[in-house]
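Here are a few friendly notes to read with the model open beside you. Take them one at a time.

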Amino acid sequence: PPKVLSALSLHAVTKIGSFTPQNLVNTVQAHICWNVKPDDALEDALSRRAVDIIHQFSAKEVSTMLHSAAVLQRQGLGHFSHDLTSHLARQALSVQDDFT
């Protein structure tokens, strides 16, 4: 599966403009699950797309992405850009009433 995930990741970069918050969450979590570092181009594309659509993220998606960022970094698989982390934190404040 890591080779398949890498191939899918390269393809995902070409489709990133249609990714929803859930697609972004699933992509990051797949890399964590298989312990595979995202390709640099994918990591950059994911961060840019997430910043572009940050207002669409639900409380659960924000929480999952922030947790995923910590796991990626802890496992040495990469990290989200500071810009994305800042946007996620601001979105968390926007949707804080949805957190349970």
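1. First, some terms: buried means under 20% relative accessible area, exposed over 50%, and partly exposed in between (1.4 Å probe, protein chains only). Helices are DSSP runs (H or I, at least four residues), numbered from the N terminus.

2. Please keep in mind that this is a predicted model, where local features need pLDDT of at least 70, side-chain atom pairs count only at pLDDT 80 or more, and totals for chains, interfaces and linings use all residues. Residues are numbered from 1 along each chain as its sequence is written, and side-chain values use heavy atoms, with hydrogens and water left out.

3. Find helix 5, which covers residues 82–94. Its 13 residues reach 19 Å from the first C-alpha to the last, close to the 18 Å expected at 1.5 Å a residue (that is, 1.5 Å times one less than the number of residues).

4. Which residues of helix 5 are buried? They are Leu 84, His 87, Leu 88, Gln 91 and Ala 92. Seen down the axis of helix 5, these buried residues fall within an arc of 145 degrees, so they line one face of the helix (the arc is that of the directions from the helix axis to the C-beta atoms). An α-helix has 3.6 residues a turn, so residues three or four places apart point the same way.

5. What do the buried residues of helix 5 pack against? Their partners are helix 3 (40–52) and helix 4 (59–74), with contact meaning heavy atoms within 4.5 Å. On the face turned away from the buried side, helix 5 carries the exposed residues His 82 and Leu 93.

Definitions and conventions. Helix = DSSP H or I, 4+ residues; strand = E, 2+ residues; numbered from the N terminus.
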